[in-house]
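Here's a quick briefing on a sheet, the helices around it and a pocket. Have a look at the model first.

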Amino acid sequence: MNINKMKNFVQAYWEFLLISIGLSLLVVCSLNHIFFWDTVQLGAKHATFFYENDLAISFLPNNIDSGHIPTFGYLLAVLWTIFGKSLWISHLFILPFALGIAWQLQLLVLHFFQRKYLIWVLIIIFLDTTLLSQISLVSPDVPLLFFFLLAINSIVKRSKWRIAFAFSCLFLISLRGMILTVPLFLFEVIWFWNKQENAKNRLVQLIKTGIPYLPAAFIFLVFSYYHFLQKGWIGYHENSPWAVFFEKVSFQGMIKNTFIFGWRIIDFGRLFVWLVGVITLVVVGVSQLRKSTQFKQLLLLFGLIVSFLAIPAIIYTDLKGHRYFMPVYITFSLLVLFVLLELNNSTRWKRAGVSILIVGLISGSFWVYPKSVAQGWDSTLAHLPYYSLRQSMVNYMDKNKIDKESIGFDFPGAYSQKYLDLSENTWSFPEVDFVNQEYILYSNVVNEFTDNELTELETKWEVVHEESYLTVQLILYRKK
């Protein structure tokens, strides 16, 4: 590429390059971070199984089988086989998908927005601390989000083969990828439905629309068939470690889950997106919204996505992780920003709204709740001090000859070290037992402690050592 072509490329895609540099720095700064939260199960354990079995294609053991196609873990094991089993290889695996998200978002934004607003839309979307936190982890939700955005762009561009590819990949990643297929298919059907056609022609149109989705359905049916033949179950089984998550709740439980779902979508600074959205709707007025075809398109997309992702979150016991709803965060942000930047004629409110969004979303990385309130630490950059603090605490234990395998700790720390740092070490902190353990390691990153247990720690146990920085705290307690 000559100098002029390089200049033209930079001028045309400088927003993408800027965001890509930021995402690359985030991944590079995370290269030595151990596996954290659900990535231990969905990344390290799945990949270790395939790696230790010479990449043999087989179903996972029941104790780590999440019920979906373990493509993410298998690809990670392939990379370990080629380049070596290490944390930095694992994190670099995420980078192409993170850059892919930036690229697909740029294409999607340019479809709805004027070019002059592109950089502000990208910055605001990528300031979401849940998105950034997942990119800093070895998380399957990053490729899932990439293929989700690819699917939307493919639908908007009416590219049949890309639709087939994107949805096939969504099915290969997780059950949530399969769930997202339904609202996106309905979005395509509703938006591009030709109301002038007669009933017969509309039926033909519906069939033609559904054809690109058939490869994904074929993948699901084949996997489910052979999985059921070998395991006798699909999705989860009654002895599964996470079977309790799929238990249906009562009506009162559904009401509670609805409030929790609402909390999730305004948590970690996203409250400001909703506030700016409400104010902007008042400023713009309903009549102007009705005139905008693109607003209706974004509203339809958001409405379908939030409705279908809300269903399992509300009716089941615990399918409400922040990371599950990243498609909701992104589509709603696009909707609000479209109204703010494209339909709003007040330059003063555009500047004020963008400023509020930037400051509010940055603040989201520092939202930490009281000890008694559980929060999604894998979905906020507030968890970042945990890695160095945990290592400092381990060093203190080793220096003072305190047996680590006798110290009670809970999720996300009670895993074998081989799954956390990919080393040959097999020691692990056992789960907390107040009766039989002399030492207990507390961290506000652990959501397992009850109010009574926290009170007991503070009154009947003494502090041996403490490590804390900014948003994270680790305290080693010894029974008095």
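Helices (H or I, at least four residues) and strands (E, at least two) are DSSP runs, numbered from the N terminus. This is a predicted model, where local features need pLDDT of at least 70 and side-chain atom pairs pLDDT 80 or more, while totals for chains, interfaces and linings use all residues. Numbering starts from 1 along each chain as its sequence is written, and side-chain values use heavy atoms, with hydrogens and water left out.

- Four strands make an open, mixed sheet in the order 1-2-4-3; two strands count as paired if DSSP finds at least two bridges between them.
- Strand 1 (407–408) and strand 3 (461–469) are the edges, each pairing on one side only.
- Strand 1 runs parallel to strand 2 (residues 439–443), with two bridges between them; Ile 407 has Tyr 439 of strand 2 as its bridge partner.

**Helices on the sheet**
- Helix 18 (residues 386–399) packs on the sheet and touches strand 1, strand 2, strand 3 and strand 4 (472–479), contact being heavy atoms within 4.5 Å.
- Its direction is about 25° from that of strand 4; axes are lines fitted to C-alpha atoms, for helices over the stretch in contact, and angles run from 0 to 180 degrees between N-to-C directions.
- Helix 20 (residues 451–460) lies across strand 2, strand 3 and strand 4, at about 110° to strand 3.

**The largest pocket**
- A pocket is an open set of points on a 1 Å grid over the protein atoms alone, where a 1.4 Å probe fits, with protein on both sides within 12 Å along at least five of seven lines; lining residues have an atom within 4 Å of a point.
- The lining has 50 residues, with Asp 38, Phe 245, Asp 318, Arg 323 and Tyr 324 nearest the centre.
- Helix 12 gives the most to this lining, five residues.
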